Amino acid sequence: MTGFGTGELEELRQVESELNTRWPETKLEPSLTRIGQLVDLLGDPQGSYPVLHVGGTNGKTSTSRMVDALLTRIGLRTGRYTSPHLQLATERISVDGAPITPGRYAEVYRDVEPYVAIVDGRNEVPMSKFEVLTGMAFAAFADAPVDAAVVEVGMGGSWDATNVADGRIAVITPIGLDHVEYLGGDLAGIAAEKAGIIKPGAVAVLARQEPEVEQVLLRRCAEVDAAVARLGAEFGVLQRDVAVGGQVMRLQGLGGVYDDVFLPLHGAHQAANAVLALAAVEAFFGAGADRQLDVEAVREAFAGVTSPGRLERVRSAPTVLVDAAHNPHGAEALAKALDEEFGFRKLVAVVGVMDDKDAVGILSALEPVVREVVLTANSSPRAMDPDLLAGVAIPIFGEDRMLVQPHLPDALEEAIRLAEENDDGDAVSGGGVVVTGSVVTAGEARALFGKEPS
């Protein structure tokens, strides 16, 4: 990594080694007791700044980054907490729009470590890694100090560690099936859990949802007397046109229309994320029918937005795109964007998924838009074995359209070769590769192409 000393990186490795002895994000004992005790010992840092809380299933990180960009351009000092990270743990905790340094990450951990030990001693179940990270983020934001924090839910809502914060604004991105082993397979039940971040007197900014989901969210808003703003009703995307490097949008915000807004991200789903972020920031500042944000500031903020690992180009000739889609809903959005906004003559997918994910749903969503698929695995111990993934893929793609390469670097090399040749083995222009299936797969692909954490 550039810009960091070996001492800083060694400190980070040591801290991550200690944190990794705790329960990972895939092992939960749902409760706010432990994180509640920690923030109490820390002096409730999460109460020292207003919070914009972002929940849902897909689009949370992109939306959080857009909210952060808007707040920053308008002049606020921001903190941003997102998960999981693509390449480096420091990506999770950002101040002033950039990840804190490895040295600062280690420093914050050492600051909260004695209090974590106290909480561990009070409970049968020690704090999980995510709970500790959440406490670290809240403490880092208070110490900065920030004017506002954008906080992404880790999983669920009501019992997620981030929910010790009372968000002035609760943003709910599209809700679908994911983490069914923890949240169940009932969409209304998942929505009820995610609706738990909508607090009394807050403003709930809602993406388009399935009718049963919207009903649950609106019921929660009524119960806690939260104001409601819905995409497609109070705000929306009036027009979007594909442009070089992204799209140009005309957005209907809560406070008026914002024309000629360039977003350097691809896909209708990112336009929806953008207007969701806009409405959230408008609501934060109290914008309404008679007051809107400075249009030029909004344009500048969106023009500078980045969302690493979200349909991100990491190579040209052939084009290689990286996308962190890790469930069927995300894969469907990816496939739609690939079909509508890229004119590949031949597209090859490199897919590596986790063993607890819906591989059938992910592969089925991608099948109509890719010619061939190379099945692989990332370095996570939770990665699905590529041969097992091949067994899932055969009924979807057929044996003639798939290959197995157990190691990601080899899979990328194979996919690039396939993208550059036609069916006769001759060279062809206009080929492309998309790497997807998991956040870890996307992050490792970024690193292999020399992309820095951001």
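Arg34 is buried in this predicted model, since its relative accessible area is 5% and the cut-off for burial is under 20%. The residue belongs to helix 2, which runs over residues 33-41. Once its neighbours within four places in sequence are set aside, Arg34 is in contact with Glu29, Val119, Asn123, Val125, Pro126, Met127 and Glu131, a list that includes the acidic residues Glu29 and Glu131.

Which residues does Ser307 touch when its neighbours within four places in sequence are left aside? They are Ser62, Arg65 and Leu265, and with one of them, Ser62, the side chain of Ser307 forms a polar contact of 2.8 Å.

Helix 1, which covers residues 6-19, contains Val15, and this residue counts as buried because its relative accessibility is 0%. Where the sequence separates Val15 from Ala106 by 91 residues, the fold places their C-alpha atoms 6.2 Å apart in space. Ala106 is also among the contacts of Val15 beyond four places in sequence, together with Tyr105, Tyr109 and Arg110.

From these individual sites one can turn to the chain as a whole. How many helices and strands does the chain have? There are 15 helices and 17 strands, and the radius of gyration of the chain is 22 Å, close to the 22 Å that the globule rule gives for 454 residues, so the chain is as compact as a globular protein of that length.

Of the 454 residues in the chain, 55% count as buried, and of the contacts between residues at least 6 apart in sequence, 73% join residues at least 24 apart. The accessible surface of the chain amounts to about 17600 Å², with 49% of that area belonging to carbon and sulfur atoms. As for charge, the chain carries 38 positive and 66 negative side chains, and the centres of these two sets lie 3 Å apart.

Note on methods:
Residues are numbered from 1 along each chain as its sequence is written. This is a predicted model: local features need pLDDT of at least 70, side-chain atom pairs count only at pLDDT 80 or more; totals for chains, interfaces and linings use all residues. Side-chain values use heavy atoms; hydrogens and water are left out. Helices (H or I, at least four residues) and strands (E, at least two) are DSSP runs, numbered from the N terminus. The radius of gyration is taken over C-alpha atoms; the globule rule is 2.2 Å times the number of residues to the power 0.38. Buried means under 20% relative accessible area, exposed over 50%, partly exposed in between (1.4 Å probe, protein chains only). Contact means heavy atoms within 4.5 Å. Accessible areas come from the Shrake-Rupley method with a 1.4 Å probe; for residues, only the protein chains shown count as cover. The place of a charge is taken as NZ of Lys, CZ of Arg, CG of Asp or CD of Glu. A polar contact is a pair of N or O atoms within 3.5 Å; within protein, one must be able to donate a hydrogen and the other to accept it, and residues adjacent in sequence count only if both atoms are side-chain atoms.
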